[in-house]
Every structure is written in C-alpha cells, then in structure tokens.
Amino acid sequence: QVQLVESGGGLVQPGGSLRLSCAVSGSIFSIDAMAWYRQAPGKQRELVASITTGGSTNYVDSVKGRFTISRDNAKNTVYLQMNSLKPEDTAVYYCAARQEGRLGYNNWGQGTQVTVSS
C-alpha cells in the first residue's frame, strides 16, 4: 500500500504561481508512475500531469507550457509547479500513484484546494 499526502494549495491571483507537493510513503518500490489529477465543481476528475519512474512526462493540453511535474527521489516527493494560473485552474488537486501491474492509478491522496481568483 502507498500513502500520499498533498500540500501547497491555496488562493492565488490570476497569473500567479503555486507549487504542490506530494509526500509518498509505504510500498514506494512498487510504484511505476505518479500523477496529479484535478476536479472542479460539477466536473469530472481529469488527469493533469503524469511522470513515470523512467522520467517520461505527460500533460493535458490545457496546462502545457504552464505546469511542470517533477520528482525528488531522495525526498520521496512529487511536485507540480503551476505558473500563469488561470481561474479555470481552480479545483481540488489530487496526487495519485500507480503500482506495477495495475492498469490505473490505485492510490490517492486526500486532495488540496487551489483557487485562482482576484
């Protein structure tokens, strides 16, 4: 089992930046990919960014060029750097981990709120 704890959310003005962190613990050796999802009110949860153990990254089109996913293996932490934030980025952001042999992400954090508003 993998435990995930997000932090770093908050209120930011349009055009501002935030960095989300996801502390990972438990069966870390079994993880083959990490991701950030988000869910806005009244909308389905969507995949924002992902990173594999090999370092390959993927982003939803709406955040390309603005968001960067990265990881620090020494700290067992995954980050989401969010720049040029827009009101439509407002959502609860969730960290997720996929364990080897799984088709989808099967471990989730509790979520952190990001609100972009003036």
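This report looks at the disulfide in a predicted model and at the strand β9 that carries one of its cysteines.

The structure holds one disulfide, formed by C22 and C95, with their sulfur atoms 2.0 Å apart. As for where the two ends sit, C22 belongs to strand β3 (residues 18-26) and C95 to strand β9 (residues 91-99), so the pair ties together parts that are 73 residues apart in sequence.

Is C22 buried or exposed? With a relative accessibility of 0%, C22 counts as buried, because the cut-off for that label is under 20%. C95 is buried too, and its relative accessible area is 0%.

Seven of the nine residues of β9 are buried, so β9 is largely enclosed by the rest of the structure. Its pairings with other strands look like this:

| Partner of β9 | Sense | Bridges |
|---|---|---|
| β4 (residues 31-39) | antiparallel | eight bridges |
| β11 (residues 112-116) | antiparallel | three bridges |
| β10 (residues 107-108) | antiparallel | two bridges |

On the β11 side, A91 stands opposite V114. For β10, the bridge partner of A97 is N107.

One thing to keep in mind while browsing: in a regular strand, side chains alternate between the two faces of the sheet.

Note on methods: Residues are numbered from 1 along each chain as its sequence is written. This is a predicted model: local features need pLDDT of at least 70, side-chain atom pairs count only at pLDDT 80 or more; totals for chains, interfaces and linings use all residues. Side-chain values use heavy atoms; hydrogens and water are left out. A disulfide is a pair of cysteine sulfur atoms within 2.5 Å. Helices (H or I, at least four residues) and strands (E, at least two) are DSSP runs, numbered from the N terminus. Buried means under 20% relative accessible area, exposed over 50%, partly exposed in between (1.4 Å probe, protein chains only). Two strands pair if DSSP finds at least two bridges between them.
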